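Please look over the notes below alongside the coordinates.

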Amino acid sequence: MFEFELIDSSLEGSMMGENPDQTARLERMAPALRDNIAAMENYTLVDTGPVADKAASQNLQSCGNCALSYAEEVGADIAVVGTVQKVSNLILNINAYAYNVDTGEPIARGSADIRSNTDQSWDRGIQYLFENVIKKQLEAAL
């Protein structure tokens, strides 16, 4: 489970600079999903710490499957990556993807649209995404 990445197509970030509240929200996404996956039967999390710096220096969504290589490097069978796309302060989209490290095939993927750039909307969005989409696909992949 790698850290989530922000895709800011709102132009707000380039005009106003980093939003510390939004950065804190982004940093909560992966731990929230990690906790949910860790609570599932038959899934065990692998520490991605040894490859965290390499992963953080890449755009995991477009680096040519580097997340799979990093996951393999730490002994994981599944690589989980995620993004939050910010269209505006009103429209955001939380995305998560899980891939089989050996084959590169997706085993779970989903998206949750949220409205408003608040702690509550982000927290509810990641929980909804896990409970209603990702969890079911991960269970089916066993």
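1. Asn 93 has Asp 113 in strand 4 as its bridge partner. The model is predicted, so this pairing, like everything below, is computed from predicted coordinates. Strand 3 (residues 91–100) and strand 4 run antiparallel and are joined by nine bridges.

2. The sheet is open and has four strands, in the order 1-2-3-4, with mixed pairing. Its edges are strand 1 (4–8) and strand 4 (106–115), each of which pairs on one side only. From one strand to the next, the twist averages 15°.

3. Two helices deserve a check against the sheet. Helix 2 (residues 20–38) lies across strand 1, strand 2 and strand 3, and runs at about 140° to strand 1. Helix 5 (residues 119–141) lies across strand 1, strand 2, strand 3 and strand 4, running at about 160° to strand 4.

4. The surroundings of Val 84 can be listed. Beyond its neighbours within four places in sequence, Val 84 is in contact with Phe 4, Glu 5, Leu 6 and Ile 7, with Leu 26 and Met 29, with Leu 92, Asn 93 and Ile 94, and with Trp 122. The C-alpha atoms of Val 84 and Ile 94 are 4.5 Å apart, although ten residues separate the two along the chain. Asn 93, in this contact list, is the residue whose bridge partner is Asp 113.

Definitions and conventions. Residues are numbered from 1 along each chain as its sequence is written. This is a predicted model: local features need pLDDT of at least 70, side-chain atom pairs count only at pLDDT 80 or more; totals for chains, interfaces and linings use all residues. Side-chain values use heavy atoms; hydrogens and water are left out. Contact means heavy atoms within 4.5 Å. Two strands pair if DSSP finds at least two bridges between them. Axes are lines fitted to C-alpha atoms, for helices over the stretch in contact, and angles run from 0 to 180 degrees between N-to-C directions.
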